[in-house]
Amino acid sequence: MHVKKIMASVISAFMLASSCTSYALAANDDKPVERHTVTFVDFNGNELKSFSLLPDEKITYDWFDEKSLSSHIDTYTERIFSSWDRTPQNTEEDITIKALYKTAAISLESAPKKTVYYKRSGRINTKGLKVYITINTQTPQKDKDGNYIIDKRIIDISASCQCSPSDLSDIFSSSDTGTVSISPAGQDKIICSYNISCCDYLGDANDNGKVDAVDASIVLSAYAAASASKNYVYTDEFIQRADTDKNKMVDARDASRILMYYAMTSVNNSYDWDNIDEFF
């Protein structure tokens with residue numbers, strides 16, 4: 001009987017202990033687990049995605065598609081994702097991580113200077129063309145006012161721009177005028193369009209298809225005749241051919257320019273009327 005009482009006491013004690021342990025566990029399970037909220041926002045502060053993570057849990061960035069934030073602000077300006085303003089590896093507190101951007105803007109400073117050509121073949125001359133790409137990149141660093149500091153770079157892309165058409169023969173095959181369009185390399189965005197004209201008859205006073213000493217002599221004779229008589233009038237076509245310096249007059253200077261042009265092109269046929277200007 002004594003033994004039975006002892007066993008009963010042991011069993012009762014065990015049951016009580018078990019009950020207390022279960023209560024402790026239950027009480028522990030009811031305790032809220034600490035978590036941190038990690039929020040990702042776009043360039044304007046709008047939420048992209050948020051995560052609820054345990055303390056010191058790894059923050060993942062592989063969910064993000066950079067292209068999702070790419071956009072065209074206008075025809076010549078594109079904005080893309082550059083970086084996050086911070087990149088912690090693990091959670092320590094609630095945190096907001098902001099996307100920073102990079103913009104690339106194409107701008108035209110000046111169009112090609114040459115708009116009048118004296119031949120119907122050859123390449124378009126783009127001398128004077130100035131096209132730039134301005135890249136502004138937000139950096140994680142901030143200025144005294146709390147704004148992200150912008151890193152600015154300007155790149156000259158003039159030399160890589162493409163002309164359409166690129167050859168004079170494609171423009172002047174059936175006309176004395178045409179339009180040239182210029183685009184940055186690899187793009188179909190036209191950054192510049194301008195008109196050009198052909199004046200391959202300049203200096204050819206007798207309209208025989210070539211410029212030589214005879215043309216210089218004709219111009220000089222016409223100038224002498226006009227100087228001697230007020231009744232001598234140049235025709236419009238003659239002025240177009242003989243007025244080589246484009247000052248709306250035909251005089252001895254034009255005759256000298258024609259003679260120089262003939263002499264220089266006899267030595268080097270790459271010379272043009274633009275090259276003659278350096279001698280006058």
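I began at Tyr 117, which stands opposite Cys 198 in S11. The pairing there is parallel, with S6 and strand S11 (residues 192–198) joined over two bridges; strands are DSSP runs of E with at least two residues, helices are runs of H or I with at least four, both numbered from the N terminus, and two strands pair if DSSP finds at least two bridges between them.

Before going further I noted that this is a predicted model, in which local features need pLDDT of at least 70 and side-chain atom pairs count only at pLDDT 80 or more, while totals for chains, interfaces and linings use all residues. Residues are numbered from 1 along each chain as its sequence is written, and side-chain values use heavy atoms, with hydrogens and water left out.

From S9 I moved to the loop between S9 and helix H2 (168–171), where Pro 165 lies. The peptide bond from Ser 164 to Pro 165 is cis, with omega near -10 degrees.

Next I looked up the largest pocket, whose volume is about 220 Å³. A pocket here is an open set of points on a 1 Å grid over the protein atoms alone, where a 1.4 Å probe fits, with protein on both sides within 12 Å along at least five of seven lines, and lining residues have an atom within 4 Å of a point; the volume is the space filled by probe spheres set on the points, which are joined across faces, edges and corners.

I turned to S1 (residues 36–41) and S2 (residues 47–53), which run antiparallel and are joined by six bridges. Phe 40 stands opposite Lys 49 in S2, and in the hairpin, with five residues between the strands, Gly 45 takes a positive phi near 90 degrees.

Finally I checked positive phi outside glycine. Asp 56, in the loop between S2 and strand S3 (71–74), has a phi of about 65 degrees and counts as exposed at 57% relative accessibility, where exposed means over 50%, buried under 20% and partly exposed in between, with a 1.4 Å probe and protein chains only. Asp 207, in the loop between S11 and helix H3 (213–228), has phi near 55 degrees and counts as partly exposed at 46%.
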